[in-house]
Amino acid sequence: MQLDALSVPFLKSMNNYCLYVCDHLSTTYLEALSANKPTILFWSPEANKMTSDAEKYFELLRSVGVLFDSPETAAEAVNNVY
């Protein structure tokens, strides 16, 4: 597994990878999605409470197989695709 160096701008570093995986709420997953990079997200819904307005968008990400509630289910999705 290769980890990204922080000295390279995020969007530039995305060119080196075929998949972006994120385990926390951050702006980088939004950048990956807006760059049309295949993305897998996972985090505990109990640890990341959403407003009711935001929750509908995260439910959409769950429904299309982008957001998962555990690392195991996210890894399973990655293994099914790759």
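This is a predicted model: local features need pLDDT of at least 70, side-chain atom pairs count only at pLDDT 80 or more; totals for chains, interfaces and linings use all residues.
Me: Where do I start? How many helices and strands does the protein chain have?

Reply: Start with the elements. The protein chain has 4 helices and 3 strands. From the N terminus on, they run α-β-α-β-α-β-α.

Me: What does the radius of gyration of the protein chain agree with?

Reply: Compare it with the value for a compact globule. With 82 residues, such a globule would have a radius of gyration near 12 Å, and the protein chain has 13 Å, so the two agree.

Me: What share of the residues counts as buried? And how do I read the surface?

Reply: Of the 82 residues, 27% count as buried. The accessible surface of the protein chain comes to about 5,800 Å². Carbon and sulfur atoms hold 58% of that surface.

Me: Next, the core. Which residues make up the largest nonpolar core?

Reply: The general idea comes first. In soluble globular proteins, nonpolar side chains tend to be buried together. Here the largest nonpolar core has 12 residues. They are Phe10, Met14, Tyr20, Cys22, Tyr29, Ala32, Leu41, Trp43, Phe58, Leu61, Val66 and Leu67.

Me: Take one member, Val66. Which residues is Val66 in contact with, leaving aside its neighbours within four places in sequence?

Reply: With that exclusion, Val66 is in contact with Thr39, Ile40, Leu41 and Leu61. For the protein chain as a whole, consider contacts with a separation of 6 or more: residues 24 or more positions apart account for 35% of them.

Me: Now Phe58. Is Phe58 buried or exposed?

Reply: Phe58 has 11% relative accessibility, so Phe58 counts as buried. Its place is in helix 3. Not counting residues up to four places away in sequence, Phe58 touches Leu25, Tyr29, Trp43, Met50 and Leu67. Phe68 is 10 residues from Phe58 along the chain, and their C-alpha atoms are separated by 9.8 Å.

Me: How do I read aromatic pairs? What is the count here?

Reply: A pair of aromatic rings is described by the distance of the centres and the angle of the planes. The count in this model comes to 3 aromatic pairs. Take Phe10 and Tyr20: the ring centres are 5.4 Å apart and the planes are at 80°, so this pair is edge-to-face. Phe10 lies in helix 1 (residues 10-13) and Tyr20 in strand 1, so the pair ties together parts that are 10 residues apart in sequence. Both Phe10 and Tyr20 are buried.

Me: Which residues do ring pairs link into a cluster?

Reply: Ring pairs link Tyr29, Trp43 and Phe58 into a cluster. These three residues also belong to the largest nonpolar core.

Me: Last, the cysteines. How many disulfides are there?

Reply: Check the sulfur distances against the cut-off, which is within 2.5 Å. The count comes to 0 disulfides. The sulfur of Cys18 is 16 Å from the closest cysteine sulfur, in Cys22, so the two are too far apart for a bond. Cys22 has 2% relative accessibility, so Cys22 counts as buried. Cys22 is also part of the largest nonpolar core.

Technical notes: Residues are numbered from 1 along each chain as its sequence is written. Side-chain values use heavy atoms; hydrogens and water are left out. A nonpolar core is a set of buried Ala, Val, Leu, Ile, Met, Phe, Trp, Tyr and Cys residues joined through side-chain atoms within 4.5 Å. Buried means under 20% relative accessible area, exposed over 50%, partly exposed in between (1.4 Å probe, protein chains only). Contact means heavy atoms within 4.5 Å. Rings of Phe, Tyr and Trp (its six-membered ring) pair if their centres lie within 6.5 Å; planes under 30 degrees apart count as stacked, over 60 as edge-to-face and the rest as tilted. Helices (H or I, at least four residues) and strands (E, at least two) are DSSP runs, numbered from the N terminus. The radius of gyration is taken over C-alpha atoms; the globule rule is 2.2 Å times the number of residues to the power 0.38. Accessible areas come from the Shrake-Rupley method with a 1.4 Å probe; for residues, only the protein chains shown count as cover.
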